Protein chains: 2
Amino acid sequence: MSSSADDDVPEVDLDAVRREGLLAPPGAGPVAHDGAGRVSLRFTVLDPDPERTTQREVRVPPGVPVFDAASWNGIAIDSTCGGHGTCHKCKVRVEGSTPITRHDVKTFTREQLDDGWRLACLVQATRDLAVDVPPLTTRPKAATVGVGRQVILRPAVQKRYVELDEPSLADQRPDIDRLLAAIDDLEPVPDLHVLRRLPTVLRAADFKVTAVIVDEALVDVEPGDTTDVRYAIAYDLGTTTVVATLLDLALGTPVAVASMLNKQQPFGGDVITRISATMMDPETLPRLQQAASATLAELAAQVCAEGEVDPRHVYEVAVAGNATMTALVLGIDPEPLGVAPFVMATSQPAAVLATDVGLDLHPRARVAFFPALGAYVGGDIVAGMLATGMDRDKRVRLFIDVGTNCEIVVSDGDRILSTAAPAGPAFEGGAIKCGMRAADGAIEVVRLGDDVQLGVIGDVEPKGLCGSGLVDAVAELAKVGLLDGTGRFVPDAQAPTIAPALADRLTRIGEERVFVLHRPHADAPPEECVVLSQRDVRELQFAKAAISTGWTLLLEELGLEHKDVQQVLMAGSFGSYISPASAVRIGLVPKLPVLRIVSAGNVAGEGAKMALLSIRERAGAEALLEEVTYVELSDRADFNDRFVEQLGFGG
Amino acid sequence: MSSSADDDVPEVDLDAVRREGLLAPPGAGPVAHDGAGRVSLRFTVLDPDPERTTQREVRVPPGVPVFDAASWNGIAIDSTCGGHGTCHKCKVRVEGSTPITRHDVKTFTREQLDDGWRLACLVQATRDLAVDVPPLTTRPKAATVGVGRQVILRPAVQKRYVELDEPSLADQRPDIDRLLAAIDDLEPVPDLHVLRRLPTVLRAADFKVTAVIVDEALVDVEPGDTTDVRYAIAYDLGTTTVVATLLDLALGTPVAVASMLNKQQPFGGDVITRISATMMDPETLPRLQQAASATLAELAAQVCAEGEVDPRHVYEVAVAGNATMTALVLGIDPEPLGVAPFVMATSQPAAVLATDVGLDLHPRARVAFFPALGAYVGGDIVAGMLATGMDRDKRVRLFIDVGTNCEIVVSDGDRILSTAAPAGPAFEGGAIKCGMRAADGAIEVVRLGDDVQLGVIGDVEPKGLCGSGLVDAVAELAKVGLLDGTGRFVPDAQAPTIAPALADRLTRIGEERVFVLHRPHADAPPEECVVLSQRDVRELQFAKAAISTGWTLLLEELGLEHKDVQQVLMAGSFGSYISPASAVRIGLVPKLPVLRIVSAGNVAGEGAKMALLSIRERAGAEALLEEVTYVELSDRADFNDRFVEQLGFGG
C-alpha cells in the first residue's frame, strides 16, 4: 500500500459527520449484501520488526465488517468493545475511498483520516480492499467474536505462576499440596500425568513453576513462568468442510485459520449416507472416526505450523459439530440418529481428552463439545446461537443454517424455538444437473438482464453451479418471468416476448427443458454447457419449501407473522453466501427488506472460539439447552399441507 | 472330616456356661499368642452341589479367630455383627474338642454342639483344626473384616437394573438422559467408553440394562440384570510381598486370595535401594513400574481364575501400599521420598484407572489408593489404622508395623500420633549372618531350656533364621542369661554355670562369638551350622531401639507411660508372627501382659477390603489424614540420647 495521500478520499465535512453520524461518499453508502459474490481483502499485518510483517489475502461475503473478516481468518486486530465503535482500538489503514463515521472522526486526526485510517469494525468490505493492520498494542481483557459479540476473556485454560517455599523437615507437605496451596483462586484436581512428573519438574525448576489448569483439572506443571503461552483450537466440524482456528488465549486473538474437506467425504456427502454406511458394515464406524480424527489432526498441524506454536502448548479444543459429526468423531454408534425417532446417545459428551479424538496436542488437552438440542439441531447450531446472541437479543430474529439438513431457530426476544428441516442436497450441488461444491469454477452469482452476468469462484471458466449460484439463477429467472409462479419454465413460444435477450438460452437436453447459463463456445450444444434444468428448479423448490415451512410453523407457534421478523441471520458455509435478494425472491426467507437479512458467516466456528475464550459464554451455551424448545415437525399432521403451500415462488 | 461324634468333646455344664460366659475345657482355655509358630486350619467349604465342595488349608498365627483366618484367606463365612457373637450367623463345624461360649449355647442345640458346631468368630485357632464351612445363606447387609470391624456394605461399585421406556417422537431424550433419569439415587457422569456403546447396548437389550457405577462415574451399561455380578480386588502392595483378595461386592465376602513376592525384588530388598536405583538410571523407574504392574496383574489373574470370575467384572481395585510402592506403581518419580526432607508427590493419587497401573480388568475399572500421612507412614498404615479402628477405640493403643521401615501409631482414644522408625533390614533377615525370609527352612520359633527347640517353616531341615526366629533367639538367650543386659554374650567361662545344657553351643566363627541354633550333624563345625552371631544381636538391638524410641517418644508426647498402654497391635507380615513374649522380653513393645499384645495380621490388606466394601470406611480413611498427627523424629535433638537408652534389654 502506498503511503502517499490518496486523491480519491473525498473532502469530509466533519460537522456534518458529527451531526448525521455516518457520512458516506457517493456510491459507497451503507451497503447490505447485494449478492455480488465475494470481495477480496489483502491484509498487511505490520510488525515492529519489518522482517516479520506478513501479507494475507482473504475472501468474504460483501458487507462484512473488516474487523470480522480479519477475525474469521485468524488476523488479530485490537478491540475490546464488541464492534460498537466505542473502544476506538481497532485501528487499521484502508487503501482507497472509505466512508468515515463519527467514531472515526473522534478517533483520528484529519491527517490520519486522509491517510486512510479507520476503525475496522465500522468499515464494511463492499469491494476489494487493501488493509494495513498495526501490531497489537495492549493485552485486552475482552475480545470481539461472533456477530458483534464481545466476550470478557476468561478461558477454561488458566495458568498460574508460583514461587514455592522449598520443603524442609518442618514442612514436609506433599509436592501437590504445596503447589495447590499457592494457587489462591482455583482448586484443580491433578491428573496422574502431572503427579508423575511433578517431583522432577519442581526440583529442576527450583520450585518456580507455572500450573496449567483446564476447567477443574491440573493438566501440567511447567518450569518457570509460561503464563503468556497458552493456546487453544476452535473447530467447526462440518459434514462437508472443517475449519480450525488457533487462538492465543492470553490475548484472546486468533493466530491462524485453516480449513479443508472432511476426510469422511468418501463415505458419503451427507450425514444420512454416513450413518447408513455404519449400519451396513461394523468396520465403518472406526474408519469414519479415524477419518474425522485425521481431519482434525491435519488442521491442527497446519494452524500450529502457520502460527509457529508448539502443539504441546495447545491445552484445549472446542468442537462445534452437528450431532452426527460429534458422534462419529467420538466413535459413538450413530444409528439411532438416522432412524425415527432420531435419538442422540448424549446431548453433550463430557470429560473428553484430545487424545480420545486422535489429536496429538498437549497430552492432557481437553475437548469441549457444544451441547445439542436434538439429533438434527446439534452443537453447531447451539454454537451459532451463542455467536449470534440468539438468547440475548430482544428483537424477533430468525436464524437459518442452510444445508442438506437445515436448522432453523426463531426467537421473539423471550421464547426460543428450534427445528430441523430436511432440505436435501441441492444447496451443496447435489442432485443438481451441473451442481458442484463452491470451489474454483463454480458459478456463485447470476444476474439476468439484457444478458447473463456470472460471478465465478476463482475467476476461471465456469464449470458448474454451486448453492448460491443455484438460488441466484432460479431467483433471476423468476424475476425476468422465464419461470412462472409454480416454478415451471414458460412455454418456448412465450419466452421471446417475456425476455427477448435470453429466450434463445431456453432449450432442451433430451426431453428436459434447460436454461443455458454458460456456453464454452458459441456453437456448443446444450450438453456441453452449464445449464439449469427444470428438475434442478424442482429440487430447489423442495429444498426451500422444507425450510420455509419450518420457519413458518415456528413463527406461528410464537403467534408471529413474517413481517414481524426484524432480522434474518443466514448462517453456515452455504447460507452466508446466498444473495439476500435472491433468498427473498424465491421465498427461502420471509419477504423483508434485504437490509434485514444478514450473512452471519461461520457462526459455528465463532461460537467455538467464544467457548474457548470464556467459560461464561460456555455456560451460556449450556443454558441454551434449557432455554430453547425443540419442535419436532416430522410428526405434525399439517406439515405436508403447509409444505405444498410453500412450494411456489409466490408469483 | 468324620461325621461321627468326637469322644474328646467334654461334657458341657450349660448352666455354668450361661453363668460364666466362657467355658474352656482343661488346657484349652482362652489363649493369647504364645509364640508357638503357626497353626494349620483345613477348611472344607461345603456346597449344595457336593461336586463343588472344596478344601483349603491355611496357616495363621495361633490365637486368631477362625472367622478371621477364613476371611484373610478368601473363605467366606456368613456374618453381619462384626465378630461379637451377636448375629449368630458364622456357623462352622470344628473337628475335635473346642471351647463352648454362651453365644454358642444360644445358637446351637445340644446335638449340634456335640457335633462340633460353633460360631467361627469365637473359636480361636490355638491348634491345627479341621473346619466345615456351610454355604452362604443370606445376602448380608454388613461384613466383618479387619480386627473385629464390621462394615455396612456400601461399595463404591454400584449396579442399578433399569427397564426404560423406548424412545418415541414424543420422547426423544438422549439415551444417556433416559438412562440416568431412571436411576433415582445416583447421578453418575458417563465415561466416553460408555457413550460409545450405549446406543447399541440399549437397543440390543430392549432397553433393559444394568448401569455400572463406580463412585461418580458411570463406567458401563450391561445388557439385562447383572446386579449380582460385581467384584473388586484388594491389594496389599508390600515392598516384599504382595497380597490380592478378590471380593464379591454383592455379598461382601472374599472369593479368593493369592500372594507372591513383589517382582521389584531384583532391584533391591527395601524402598531406599529401589529409590536409589531410579536415581542412578532414568530407565529404572519405568522398569520398576512395570515390575509392580506385572505383580498386580499376575495376582489378579490368579484370584480371578481361582474364583472363576471374569476379570471384566472386576470394577474396582484398592491398593494399600507404602508411599514408595504407591509412587513406583504409578510411575511417580520417588527420589524426594528417599532424601531429606522426605516429601511425597501427593498424599493420595486421585482418578487413577486400573489400566494406568497395567491391570487388564474392566476397561474403566478404578483404583482407590489409601492416603498417606508421610513419606514413611504410607497408605498401608492408614489402611491398617482403618482395619484396627485406631480412630474409633477409646483405649490407649499402640500399633506397630514391624519391617525395614517400622511405622508406629499411638492413640489415647482422642489424639492419634504417628511416626516412622528406620529399623533396618534385620526383621527381614537382612544383615543377619544366617538370616533369610520367612520361607521353608526358616527357623521362626526358638525355645531354650534344657535343650534348643526350634519351629521351622515347612517342617524341614533348618536353613536359616527369619525375623520372628531372630527375635525369639535373642529373647530366649537373654532369658537364660547367655546374653547380658547390654546384649553381649557372657564370657565363655561363665556360660556353663549359667546354662549348662547350652554352653557348648556358644562358640566362635573366626573372631566372632556365635550361638549355634542348629547343627546339621553332630560334628558340624560352626561355619556349617545355623547360628546367631554377636553382630546379629547388635543388629536386632539397633532395630528394636529404633522402634522403642519411636513409641516411647510418641507416648511422651501424649503424656503417657508404658504401663498406660492397653493394647499393642503387632501388624504386617513380620509383626504378626513375632512372639509377644519375646517382643516384650527384648523391649520391642512395652512391658505388658502378653494378653494385651495382639497379632493383627495383614491389616493393610484388610483395610483395602474395607475400603472396597464401604465408601463410609473409605471416607474414614481419608479423615485420618486430618485426625492423625505425623511426628518427625529425625530432627529431634533428644532422639540420639533416647535411642542409646533403648539399646539394652533392660536387664
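User: How many aromatic pairs are there over all chains?

Analyst: The count is 8 aromatic pairs over all chains. Rings of Phe, Tyr and Trp (its six-membered ring) pair if their centres lie within 6.5 Å; planes under 30 degrees apart count as stacked, over 60 as edge-to-face and the rest as tilted. The model is predicted: local features need pLDDT of at least 70, side-chain atom pairs count only at pLDDT 80 or more, and totals for chains, interfaces and linings use all residues. Residues are numbered from 1 along each chain as its sequence is written, chains are lettered from A and ligands numbered from 1 in the order in which they are written, and side-chain values use heavy atoms, with hydrogens and water left out.

User: Why is the pair Phe542(A) and Phe643(A) called stacked?

Analyst: The ring centres of Phe542(A) and Phe643(A) are 6.1 Å apart and the planes stand at 15 degrees, so the pair is stacked. Ring pairs also link Phe542(A), Phe639(A) and Phe643(A) into a cluster.

User: What makes Phe643(A) buried or exposed?

Analyst: Buried means under 20% relative accessible area, exposed over 50%, partly exposed in between (1.4 Å probe, protein chains only). Phe643(A) has 16% relative accessibility, so Phe643(A) counts as buried. Phe542(A), at 43%, counts as partly exposed.
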